[in-house]
Amino acid sequence: MPIEIEVDLYSGRPNPRFALSAAASAGFERRLGALPPLPADAGGIRDGLGYRGLRVTGLSGGFAKVVVSAGVVEIHDAAGGVTRRADPGRALERWLAEAGSGQLPAADLDAVRDDLAR
Amino acid sequence: MLRITVDVFSGRPDPSWIITDEAEARAILRDLLKDRQLLSDGAAPDASLGLRGLRIEPLSDELAFDFDLSAATYLRTGPQVSGRAREIAERLIGLMGRGEAPPGAPEDAVPLDAGLQAFLTEQLERVSRTSRADVVEAPTAAPAPPAEERAAVTCTIELGAFNPGFWNNDPNVMQHNNCYHYASNKRRDSFRVKPGGGQPGAGCGHMYTAITCPDVTRAALCDGLHHRFDCFPDGEKPRYLVALVVAPGPGFNDFHWYRKQKEGFWGHKPGSTAARNYDNRGPGHVVMDPQTCDRGPYTQFCGFFYTCRSQRIV
């Protein structure tokens with residue numbers, strides 16, 4: 001099962017999705033494992049109207065999903081536990097979004113890029 | 001064990017069942033007792049025929065001791081109770097299917113079957129709503145409808161209690177129902193998994209083709225909604241007041257809906273995220289008017305509408 005990325009963007013319309021190649025999947029898992037701990041006073045993942053983050057499913061190793069959002073990474077395991085890590089400079093989020101280039105509609109990718117640029 | 005008795009009938013014995021799952025019983029009591037003000041000694045003084053509340057009795061002294069409960073306590077239902085009380089009542093009624101009839105139940109007791117559960121759920125829904133005349137309230141930043149429109153027509157609508165738990169507690173429900181499902185108060189578990197799920201116009205077979213105020217409005221009217229002040233008859237209850245907004249783009253282009261709640265504010269559900277009553281600034285900024293709240297990129301206010309019982313929605 002390929003790793004799938006859902007761009008959590010919309011309220012009414014379904015969110016756009018894309019799949020990672022085998023090489024990109026391995027790259028993502030490597031980057032995920034290297035993330036630093038999250039500072040105790042860090043905020044949470046984005047919520048509300050507009051771009052919220054990237055939702056990753058189809059992972060191996062007992063992970064249910066990973067949410068990458070605004071410098072915070074939430075790793076949800078199959079047992080319901082959640083681990084939080086930092087994404088300094090939103091580097092992982094930026095890398096993941098660009099992995100969707102060629103699969104995502106241009107307008108959707110631009111919306112994410114605009115948010116990352118703020 | 002916990003015995004639940006629904007205070008609903010006048011002549012026949014009230015339905016009663018026992019929650020035998022100790023963990024389930026404790027979970028419900030923990031939730032209920034987060035706010036002891038939800039509890040009372042009995043029905044409201046002005047309670048009338050139909051669903052009045054639920055009597056909750058611990059059947060072990062251990063349970064009563066652990067939760068500091070007397071022999072029986074009562075959870076009222078009705079238009080004056082909070083969304084939390086209604087949510088817990090709904091949960092208790094939902095557990096009927098997994099409960100057991102009390103020993104020695106009277107012969108004429110109503111069977112604890114799907115029909116009874118559906119009846120009680122419908123009763124809970126009915127008594128939790130209020131019907132009121134839809135009139136324009138105190139001036140907001142946006143102009144009110146023309147005076148002749150307000151004077152000529154007053155429609156009766158229903159306002160349901162804010163019940164976010166219904167949409168948020170089950171991950172499957174939260175993920176697969178969007179803003180349109182929430183505003184319509186019609187759970188379909190179809191968003192992201194079924195073609196047209198939660199998309200205006202999909203119900204009537206003519207989904208929107210562009211996300212603009214005119215086209216999404218057309219699609220919603222096709223599903224059966226009416227513009228505000230185009231009244232529905234009582235046969236179309238519940239008739240909720242909802243609002244449509246659009247993010248026009250270029251780039252980010254989407255629609256979003258809000259629903260007026262009984263408590264006076266507006267609830268909404270951004271896509272697969274949680275239902276809430278606050279705007280894009282976060283908790284503490286309750287939506288009192290979708291025309292003027294912080295809507296993020298949804299900058300165009302398209303209008304107010306009424307939903308109806310016969311509205312079609314995928």
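In this predicted model, the contact between the two chains draws 14 residues from chain A and 18 residues from chain B. On the side of chain A that touches chain B, five residues are nonpolar, five are polar and four are charged.

**Domains of chain B**

- The domain assignment divides chain B into domain 1, residues 2–128, and domain 2, residues 130–306.
- A distance of 32 Å separates the C-alpha centres of domain 1 and domain 2 of chain B.
- Where these domains of chain B meet, six residues of domain 1 are in contact with seven residues of domain 2.
- Helix H3(B) makes the greatest contribution to the side of domain 1 that touches domain 2 in chain B, with four residues.
- That side of domain 1 of chain B comprises one nonpolar, two polar and three charged residues.

**Glu87(B) in helix H3(B)**

- Helix H3 of chain B contains Glu87(B).
- Glu87(B) has 19 other C-beta atoms within 10 Å and is therefore partly exposed, since a buried residue needs 20 or more and an exposed one has 12 or fewer.
- Apart from neighbours within four places in sequence, Glu87(B) is in contact with Asn163(B), Gly165(B) and Phe166(B).
- Asp46(B) is 41 residues away from Glu87(B) along the chain, and their C-alpha atoms are separated by 22 Å.

**The open sheet of strands E1 to E5 in chain B**

- Five strands of chain B form an open sheet with antiparallel pairing, in the order E2-E1-E4-E5-E3.
- Strand E2 (16–19) and strand E3 (39–40) of chain B are at the edges, and each has a single partner strand, so one side of each is left without a neighbour in the sheet.
- Strand E1(B), residues 2–7, pairs with E2(B) in the antiparallel sense through four bridges.
- Within this pair, Ile4(B) stands opposite Trp17(B) of E2(B).
- Helix H3(B), residues 83–94, packs on the sheet and touches E1, strand E4 (53–58) and strand E5 (73–76) of chain B.
- The direction of H3(B) makes about 110° with that of E5(B).

- Strands of a sheet pair through backbone hydrogen bonds, in either a parallel or an antiparallel manner.
- Strand E9(B), residues 241–248, is mostly covered, as seven of its eight residues are buried.
- Strand E12(B), residues 300–306, runs antiparallel to E9(B) and is joined to it by six bridges.
- In this pairing, Val242(B) stands opposite Phe305(B) of E12(B).
- Strand E10(B), residues 253–260, also runs antiparallel to E9(B), and seven bridges join the two.
- Here Ala247(B) stands opposite Asp254(B) of E10(B).
- E9(B) and E10(B) form a hairpin with four residues between them, and Gly249(B) in the turn has a positive phi of about 85°.

**Nonpolar cores**

- The largest nonpolar core has 62 residues, of which Val68(A), Leu96(A), Val242(B), Leu244(B) and Trp257(B) touch the most other members.
- E9(B) gives the most to this core, contributing seven residues.
- Not counting residues up to four places away in sequence, Trp257(B) touches Cys179(B), Tyr180(B), Ala183(B), Val242(B), Ala243(B), Leu244(B) and His268(B).
- A second, separate core holds 22 residues, among them Val8(B), Leu29(B), Leu32(B) and Leu124(B).

Technical notes: Residues numbered from 1 in each chain as written. Chains lettered and ligands numbered in written order. Predicted model: local features only at pLDDT ≥ 70, side-chain atom pairs only at ≥ 80, totals over all residues. Pairing = 2+ DSSP bridges. Core = buried A, V, L, I, M, F, W, Y, C linked by C-beta atoms within 7 Å. Nonpolar A, V, L, I, M, F, W, Y, C, P; charged D, E, K, R; others polar. Axes fitted to C-alpha atoms, helices over the stretch in contact; angles between N-to-C directions. Domains from an automatic or database assignment.
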